[in-house]
Amino acid sequence: MNPTAVVSSRSYTYTYTYNPSLSFHTSPPQSPLTTFTFRLPFQPSLNTPLINPIHKSHTRFSKVCAAERDRYYGLAESPAKALRRVLELPGLHQGPACFDALSAKLVERAGFQYCFTSGFSISAARLGLPDTGFISYGEMVDQGQQITQAVSIPVIGDGDTGYGNAMNVKRTVKGYIRAGFAGIILEDQVSPKACGHTQGRKVVSREEAVMRIKAAIDARKESGSDIVIVARTDSRQAVSLDESLWRSRAFADVGADVLFIDALASKDEMKAFCEISPLVPKMANMLEGGGKTPILNPLELEDLGYKLVAYPLSLIGVSIRAMQDSLTAIKGGRIPPPGSMPSFEEIKEILGFNTYYEEEKRYATSTNQPSSQRVSSSRYSIQQRGQDYTEQRGQSPQVPIVEVITPDVYNNYGADGSRDPFSGIWSRTLRIKITGRDGFEKLDVRIPAGFLEGITNIVPALGGVNIKELLDDAADEVGGKLLLDFSDTIGDRIQVFLE
């Protein structure tokens with residue numbers, strides 16, 4: 001089979017020619033098959049071969065082909081099977097931790113093969129509370145189902161302590177299977193649990209810890225599932241390194257699929273962990289921003305013997321900081337600068353608006369029209385000027401120049417051809433520039449000078465300024481004029497020019 005590749009906006013497409021001499025595990029269809037096409041649930045670039053990012057091996061490519069061939073012949077691949085396929089591939093596999101459907105979609109779009117859910121982040125995003133046992137089994141299952149339904153990559157769910165004794169663990173595992181998880185992490189902390197890198201952690205006895213894992217495996221068998229059981233112990237910080245190693249061996253002996261000791265304190269401890277039960281994959285936790293475990297790069301983790309690595313706080317952490325910065329900007333009388341957020345078109349693409357519009361056309365009738373057409377017929381329009389206009393104004397091509405035209409405001413000021421003396425101001429342009437106190441430019445926008453009522457929508461700090469009076473005084477002046485130059489409450493410099 002010789003692959004040919006075509007990139008679409010949603011997936012990566014491979015087409016293969018069937019060779020009757022090849023031996024398949026299942027019989028091919030009765031009718032002759034010449035070609036079949038499948039789509040992979042990730043988006044590599046044209047220049048990126050389908051190989052493991054750490055080990056440049058074609059094993060991953062062949063396994064993906066085998067899995068897609070099974071799908072073609074009617075053998076659907078479960079999320080757990082997809083995750084086990086990842087575990088069989090050589091090298092280390094990175095898994096960012098998501099906390100809702102949107103963050104999971106972004107992980108998938110970034111090209112990762114799987115992801116985790118983070119109880120820490122879900123508790124923060126859903127409840128606004130610390131990861132100290134507040135969030136319940138029902139809330140975690142509900143959030144997990146929203147996540148697994150949003151993506152096609154396998155998801156490993158944070159199962160905390162299993163929410164009770166061994167019988168509760170069985171219920172938790174079965175619930176996570178129904179929610180679509182490919183794997184589940186179960187830990188040996190007492191209830192209420194605590195984040196693995198915070199103070200006050202305690203663990204249950206050895207016997208109870210092992211019984212939790214045994215109950216999870218029994219629940220898997222009873223469900224006819226193949227969900228991956230990740231056995232976690234927090235005994236390194238609660239008791240000792242030796243205790244955590246003992247428990248990990250015991251978890252492997254009863255059938256855990258992946259082993260995980262949280263909050264190991266050194267590279268030597270991480271190496272000692274990877275040397276026990278060598279046939280069972282190991283998981284690392286790179287807690288960003290100051291946890292107890294040293295932050296190692298993927299190559300270092302692979303050299304130690306790890307198979308999976310989680311990044312639990314990256315997405316929730318940068319989200320918190322970005323929201324804080326945006327709120328500071330809004331409170332200071334401005335909107336977040338364009339470079340700090342995706343464009344509206346990018347947001348629509350991420351959320352699937354364009355795909356929705358295309359599919360909606362299939363069901364359009366003579367009495368309705370696709371939403372995309374309705375949107376384009378809006379009374380309001382926003383147009384971004386090109387580079388030619390920018391160069392005519394003598395500005396740097398990198399500066400975004402935005403023209404906003406609002407018909408209602410246009411008519412309010414004599415744009416309909418009346419003799420109102422102020423109507424001539426529409427031939428002039430207002431330039432609004434904001435420079436941060438750090439010297440960096442935060443906003444540079446141009447609008448028709450008659451668009452007075454819209455100015456405060458862009459810069460609320462101008463709400464108390466009589467711009468019309470300033471324009472009346474400068475309406476007949478030729479060339480540019482600085483109308484305003486002041487600093488707002490947070491020290492940013494705001495300038496308004498009439499051009």
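View 1. At 17% relative accessibility, K170 counts as buried, where buried means under 20% relative accessible area, exposed over 50% and partly exposed in between (1.4 Å probe, protein chains only). Bear in mind that this is a predicted model: local features need pLDDT of at least 70, side-chain atom pairs count only at pLDDT 80 or more, and totals for chains, interfaces and linings use all residues. Residues are numbered from 1 along each chain as its sequence is written, and side-chain values use heavy atoms, with hydrogens and water left out. K170 makes a salt bridge with E222, their closest N and O atoms being 2.7 Å apart; the term stands for a side-chain nitrogen of Lys or Arg within 4 Å of a carboxyl oxygen of Asp or Glu. This pair links distant parts of the chain, with E222 in helix α7 (residues 206–223) and K170 in helix α6 (residues 166–178), 52 residues apart. Helices (H or I, at least four residues) and strands (E, at least two) are DSSP runs, numbered from the N terminus. E222 is partly exposed, at 48% relative accessibility.

**View 2. R206 and E243 form another salt bridge.** Here the closest N and O atoms are 2.8 Å apart. R206 sits in helix α7 and E243 in helix α9 (residues 241–253), so the pair ties together parts that are 37 residues apart in sequence. R206 is partly exposed, with a relative accessible area of 31%, while E243 is buried at 11%. Salt bridges with shared partners also join E187, R201, R232, D234 and D262 into one network.

**View 3. R85 pairs with E77.** The closest N and O atoms of this salt bridge are 2.9 Å apart. R85 is buried, and E77 is too. The structure holds 24 salt bridges.

View 4. β14 (residues 429–435) pairs with β15 in the antiparallel sense over seven bridges; two strands pair if DSSP finds at least two bridges between them. K433 has D444 of β15 as its bridge partner. Five residues lie between the two strands, and G439 in the turn has a positive phi of about 95°. Six of the eight residues of β15 (residues 441–448) are buried, so the strand is largely enclosed by the rest of the structure.

View 5. α3, α4 (119–127), α12 (314–331) and α13 (344–351) each supply at least two lining residues, with α12 giving the most, at eleven.

**View 6. I122 is buried in helix α4.** I122 belongs to α4 and has a relative accessible area of 1%, which makes it buried. The C-alpha atoms of I122 and A97 are 9.8 Å apart, with 25 residues separating the two along the chain.
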